[in-house]
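Let's take a look at some aromatic rings and some surface charges in a protein model. Have the structure open while you read.

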Amino acid sequence: LSGSLMSLYSEGELGRVAVRGCVQFSLRYDPARKELQVHVLRCRELAQARKERSDPYIKTYLLPDKSNHSKRKTAVRKRSLDPVFNETLKYKLEKRDLQGRTLNLSVWHHDSLGRNLFLGEVEVALGSWDWANTRPEWFSLQPRTPIPSDGLASRGSLNLALKFLPAGSEGERGPWGMPPTGELHIWVKDAQSLIPLQSGTVDAFVQCYVLPDDSKASRQKTRVVKRSLSPLFNHTMVYDGFQAKDLAEACAEFTLWHHETFSKRQLGG
């Protein structure tokens, strides 16, 4: 399943400052509190946003969640290229939900009368982080790099199987019978290792079209499986009226969605 970081980097914030310097922080997961703790200690040798000065602060997101729900900030340190923060930014979530998440930590110059300026960033893949290591580490700040869509190569996997039953007359039916028209059977078994749009879990369902027909008649859906990052659907979709020659021009499109009370949001497809 494949799924903009414009909320992280609005054009009004970017500015044109050459990135330099580094940031020191530690990562710790507290199982008792079910909490990720990002302890930001300090930066050193930051770029000058204004004449021989910067007013830096640090901002974090747990990608792929780019909403305000995922955003954390430190206080601003005035007139310092070597600021000391000594602040802990916290996220409430299950440890298993860290798999597939990326910590985006960026440094900014705060301008109360103008535009905040980007001073550099660090990204840490939390799925491969050594959680036994709780020591502060130094990371070199990097320039902003283009990130496709939501910054992830994958949001999980979808397991399914397809079977075509050719048409057969009533008199030729075996124990299981042959349909009077050809049928395409699609078994949607489950999804694995989904990454939620926000911290927490997913109320998931799968939607399918057999293209080129993208009308409502072609749309079929599974049931909604609530509060699961590895939902089991065990649902068979049946499309009838097919002939074997039709399969060469047909394409099954699958999308996975998070169900909300009055809306839905696509996770991938």
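## A stacked pair

Start with two phenylalanines: F25 is buried, and F139 is buried as well. Keep in mind that this is a predicted model.

How many aromatic pairs are there? The count is two. In one of them, the ring centres of F25 and F139 sit 4.5 Å apart and the planes meet at 15°. Planes under 30 degrees apart count as stacked, so F25 and F139 make a stacked pair.

## An edge-to-face pair

Next up are W108 and F118, whose rings form an edge-to-face pair. Here the distance is 5.4 Å centre to centre, with 70° between the planes. For reference, planes over 60 degrees apart count as edge-to-face.

W108 is in strand 6 (residues 102–109) and F118 is in strand 7 (residues 117–125). These two residues are ten residues apart. Are they buried or exposed? Both W108 and F118 are buried.

Which residues form the positive surface patch? They are K216, R219, K221 and K264.

Zoom in on K221, which you'll find in strand 12 (residues 220–221). K221 has a relative accessible area of 43%.

Notes
Residues are numbered from 1 along each chain as its sequence is written. This is a predicted model: local features need pLDDT of at least 70, side-chain atom pairs count only at pLDDT 80 or more; totals for chains, interfaces and linings use all residues. Side-chain values use heavy atoms; hydrogens and water are left out. Patches are made of residues with over 30% relative accessible area and no salt bridge: like charges are joined within 9 Å, nonpolar side chains (Val, Leu, Ile, Met, Phe, Trp, Tyr) within 5 Å. Accessible areas come from the Shrake-Rupley method with a 1.4 Å probe; for residues, only the protein chains shown count as cover. A salt bridge is a side-chain nitrogen of Lys or Arg within 4 Å of a carboxyl oxygen of Asp or Glu. Lys and Arg count as positive and Asp and Glu as negative; His and the chain ends are not counted. The place of a charge is taken as NZ of Lys, CZ of Arg, CG of Asp or CD of Glu. Helices (H or I, at least four residues) and strands (E, at least two) are DSSP runs, numbered from the N terminus. Buried means under 20% relative accessible area, exposed over 50%, partly exposed in between (1.4 Å probe, protein chains only). Rings of Phe, Tyr and Trp (its six-membered ring) pair if their centres lie within 6.5 Å; planes under 30 degrees apart count as stacked, over 60 as edge-to-face and the rest as tilted.
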